[in-house]
Amino acid sequence: MTCLLPALSGANTLYGAGMLELGMTFSMEQLVIDNDIIKMTKKAMQGIPVNTETLAVDSIQKVGIGNNFLALKQTRQLVNYPSDPMLIDRQMFGDWEAAGSKDLASVAHEIVVDVLKNHVVPELDADVLAAMQAVVDRADKVFRGE
């Protein structure tokens, strides 16, 4: 049996993604970082499953109270569950350093460059485009006083 513990309640809107200097400046890298934070927040808001696997009772008995659980495979597999980050690197320092020790801004910049180079915007359906054009046409008529 699995039950979910609610993580956050109330707020469901985050504002200012990509903004710097109170919105006077915009950064694509900051947008990528903020997107990751928003994604992690939304994941946490779904709640955390409480079940045999996530309680890790067997691991607690195996390692013993007061000892180190970080080296356990199960801990490493579940550490990202509550948030599942795309950018934040949770490797041990030596592993992160051996992998090139890229900081968050550098990783975000690589993603921005990749998106600008490779992203293809899917075409909108004709009915969606027509509905959008109708909104623009109505607004134009109001603006012209027709």
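Visitor: How many salt bridges does the structure hold?
Guide: The structure holds two salt bridges, a salt bridge being a side-chain nitrogen of Lys or Arg within 4 Å of a carboxyl oxygen of Asp or Glu. This is a predicted model, in which local features need pLDDT of at least 70 and side-chain atom pairs count only at pLDDT 80 or more, while totals for chains, interfaces and linings use all residues. Residues are numbered from 1 along each chain as its sequence is written, and side-chain values use heavy atoms, with hydrogens and water left out.

Visitor: Which residue forms a salt bridge with Lys102?
Guide: Glu110 does, and the closest N and O atoms are 2.9 Å apart. Glu110 is partly exposed at a relative accessible area of 41%, and Lys102 is partly exposed at 39%. Buried means under 20% relative accessible area, exposed over 50%, and partly exposed in between (1.4 Å probe, protein chains only).

Visitor: And what does Arg144 pair with?
Guide: Arg144 forms a salt bridge with Glu146, with the closest N and O atoms 2.7 Å apart. Glu146 is exposed, at a relative accessible area of 63%.

Visitor: Changing topic, how many helices and strands does the chain have?
Guide: There are seven helices and four strands, taken as DSSP runs numbered from the N terminus (helices H or I, at least four residues; strands E, at least two). From the N terminus on, the order is β-β-β-α-β-α-α-α-α-α-α. Of the 146 residues of the chain, 15% count as buried.

Visitor: Where is the largest pocket, in terms of the elements that supply its lining?
Guide: β4 (48-50), α2 (52-55), α3 (57-63) and α4 (73-78) each supply at least two residues of the lining. On a 1 Å grid over the protein atoms alone, a pocket is an open set of points where a 1.4 Å probe fits, with protein on both sides within 12 Å along at least five of seven lines, and lining residues have an atom within 4 Å of a point. The space in the largest pocket is about 240 Å³, a volume being the space filled by probe spheres set on the points, which are joined across faces, edges and corners.

Visitor: Which residues lie nearest its centre, and what is the lining by class?
Guide: Of the 16 lining residues, Ile48, Thr54, Leu55, Ala56 and Leu78 lie nearest the centre of the largest pocket. The lining has twelve nonpolar, four polar and no charged residues. Here Ala, Val, Leu, Ile, Met, Phe, Trp, Tyr, Cys and Pro count as nonpolar, Asp, Glu, Lys and Arg as charged, and the others, Gly among them, as polar.

Visitor: What about the backbone of Ala56?
Guide: Ala56 has a positive phi of about 55° although it is not a glycine. Most residues other than glycine have a negative phi. Ala56 lies in the loop between α2 and α3 and is buried, at a relative accessible area of 16%.

Visitor: Is Leu22 buried or exposed?
Guide: Leu22 is exposed, at 89% relative accessibility. Leu22 sits in the loop between β2 (19-20) and β3 (25-26), and its phi is also positive, near 55°.

Visitor: Where is Leu20, and how far is its C-alpha atom from that of Leu31?
Guide: Leu20 lies in strand β2, and Leu31 is found in helix α1 (residues 28-45). The C-alpha atoms of Leu20 and Leu31 are separated by 9.7 Å, the two residues being eleven apart along the chain.
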